[in-house]
Amino acid sequence: MLFSSTVFLFAFLPLAAGIYFLCPRKWRNGWLLATSLVFYAWGEPRYVLAMLFSIVLNYAGARLLGVRSFGPGARRGILALVCALNLAMLVYFKYLDFLIANLNLAFGWHLDPTGVWMPIGISFFTFQSLSYVMDVYRRQVEASRSLAKTALFISFFPQLIAGPILKYHDICRQIDARRETLAGVASGLRRFIAGLGKKVLLANTLGAVADPIFALETLDAPLAWLGAVAYALQLYFDFSGYSDMAIGLGRMFGFKILENFDYPYVSKSIAEFWRRWHVSLGSWFREYLYFPMGGNRKGTARTAFNLLIVFAATGIWHGANWTFLAWGLWHGLFIVVERVSKFADGGGRLKNALLHGYAVAVFGLGWVLFRADSIAHAWRYYEAMFGFGDGNGVPFSVAYYASRQVLLALAVGLLASTPLFRMAKDRLPATFRAQAGIDLFLLGVLFLSILSIASGTYNPFIYFRF
């Protein structure tokens, strides 16, 4: 179920929130769990089986890790087993057919693909489950005695499908004790509407341009650049819009979910980009993979190795395709170079401008790898971008795709990917009239978003496949 769907906006959310606030406080977690499981099962009930397996596995594993009489060796064995089962489930559903296809190619085998279905959002809830058992193993938190509370943490519907990835130590106290307020509900609704506008009015408009351009067999340089810029903005507003909606929904139910994006496209290095882009994923890998491998404490060579491993894992986490691995290593390579050379350290205005251009070029070219269907597809696209491709036979020119609506979305998107709008908002006087003006603007965004959704226009969600 998409947040940007009529079913969610006009049926699921009003029903879920309405009954939640009518429930006695002691029943609210139970109602949230029920609605989360219904949300996940919508459209394909069998997905819930994988979710329930994950819940039971990690609840039982955490309870065993919480047994004080077990020694260090037994606890390490339990952790290894639970982590292996979590990762085995992820590999089975997400990567098995990819592995089979590559084994067939490498060794001339003829293994049949399984055709196994991939539960939506499995990468997200698997990582949340792993954070829970590892937090218990480290004794940062106590294992929950309540199966229902563990289930709510893993299945919480606002961020279930595409994050932000929750870490148990950040959210466990809020499951037990939180305070819902009218101000929180209002703030959550504002954030939700802003995210909905990002998704529907910007990401969808730009995606309707990027997708057909990337699907072309031949294209010229202007068309390739239009597709690359449109996709970079589509991806940002699709994913950050979803995060905004998730954070807003969390506020409505009394949860404080950490921010997931901080204007990554203004970065002046790739290291800074990853401090601003998909913050919850970067934080997860840093806390549960990079630091346990030694981080930067074992010399330059080992630090470089650790970084490359982390970014290879980051790439593969996004999907079963060599393009994602290449994309992760592309980012990891530049972060290693920055770490060793320190060339991206601070400087004056001219240096900062040059560094910003460098960062935009690196992550912008990286998005082509991220979007391409294969390495060969990405290579052909790069050739077209830099004028080395065969531009003959291009079916449409840039003018065909660059309608007024698309140009407006590009202009607004480029501005909204910087802090300019936020800075302008922060300079408004803190008066009722100023807030009323902002709310009126958001009502306009909501109206236009609903109008677009109701008209049945292009409405994909990129991160469903992760």
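1. Arginine 190 and aspartate 439 form a salt bridge, and their closest N and O atoms are 2.7 Å apart. This pair belongs to a predicted model. A search of the whole structure finds 14 salt bridges.

2. Helix α9 covers residues 182–214 and its partner, helix α10, covers residues 221–252. The angle between them is about 160°, and their axes are 6 Å apart. Angles over 145 degrees count as roughly antiparallel, and α9 and α10 are therefore roughly antiparallel to each other. The crossing of these two helices, α9 and α10, is left-handed. The residues of the contact of α9 with α10 comprise 22 nonpolar, 10 polar and seven charged.

3. Helix α15 (residues 349–371) packs with helix α16 (residues 375–385) at an angle of about 140°, and their axes are 8 Å apart. The helices α15 and α16 are therefore oblique to each other. The crossing in which α15 passes α16 is right-handed.

4. How much space lies in the second largest pocket? The volume is about 490 Å³. The second largest pocket is lined by 19 residues, of which Ala271, Arg275, Leu307, Ile335 and Arg339 are the closest to its centre.

5. Which elements give two or more residues to the lining of the second largest pocket? They are the elements α11 (270–276), α12 (279–290), α13 (300–318) and α14 (322–341). Helix α12 supplies the largest share of this lining, namely five residues.

6. The lining of the second largest pocket can also be described by residue class. It has 10 nonpolar residues, three polar residues and six charged residues. Two arginines, Arg275 and Arg339, are among the residues closest to the centre of this pocket.

Key: Residues are numbered from 1 along each chain as its sequence is written. This is a predicted model: local features need pLDDT of at least 70, side-chain atom pairs count only at pLDDT 80 or more; totals for chains, interfaces and linings use all residues. Side-chain values use heavy atoms; hydrogens and water are left out. Axes are lines fitted to C-alpha atoms, for helices over the stretch in contact, and angles run from 0 to 180 degrees between N-to-C directions. Helices (H or I, at least four residues) and strands (E, at least two) are DSSP runs, numbered from the N terminus. Angles under 35 degrees count as roughly parallel, over 145 as roughly antiparallel, 65 to 115 as roughly perpendicular and the rest as oblique. A crossing is left-handed if the near helix is turned anticlockwise from the far one by less than a right angle, and right-handed if clockwise. Ala, Val, Leu, Ile, Met, Phe, Trp, Tyr, Cys and Pro count as nonpolar, Asp, Glu, Lys and Arg as charged, and the others, Gly among them, as polar. On a 1 Å grid over the protein atoms alone, a cavity is a set of points where a 1.4 Å probe fits but cannot get out, and a pocket is an open set with protein on both sides within 12 Å along at least five of seven lines; lining residues have an atom within 4 Å of a point. Grid points are joined across faces, edges and corners, and a volume is the space filled by probe spheres set on the points. A salt bridge is a side-chain nitrogen of Lys or Arg within 4 Å of a carboxyl oxygen of Asp or Glu.
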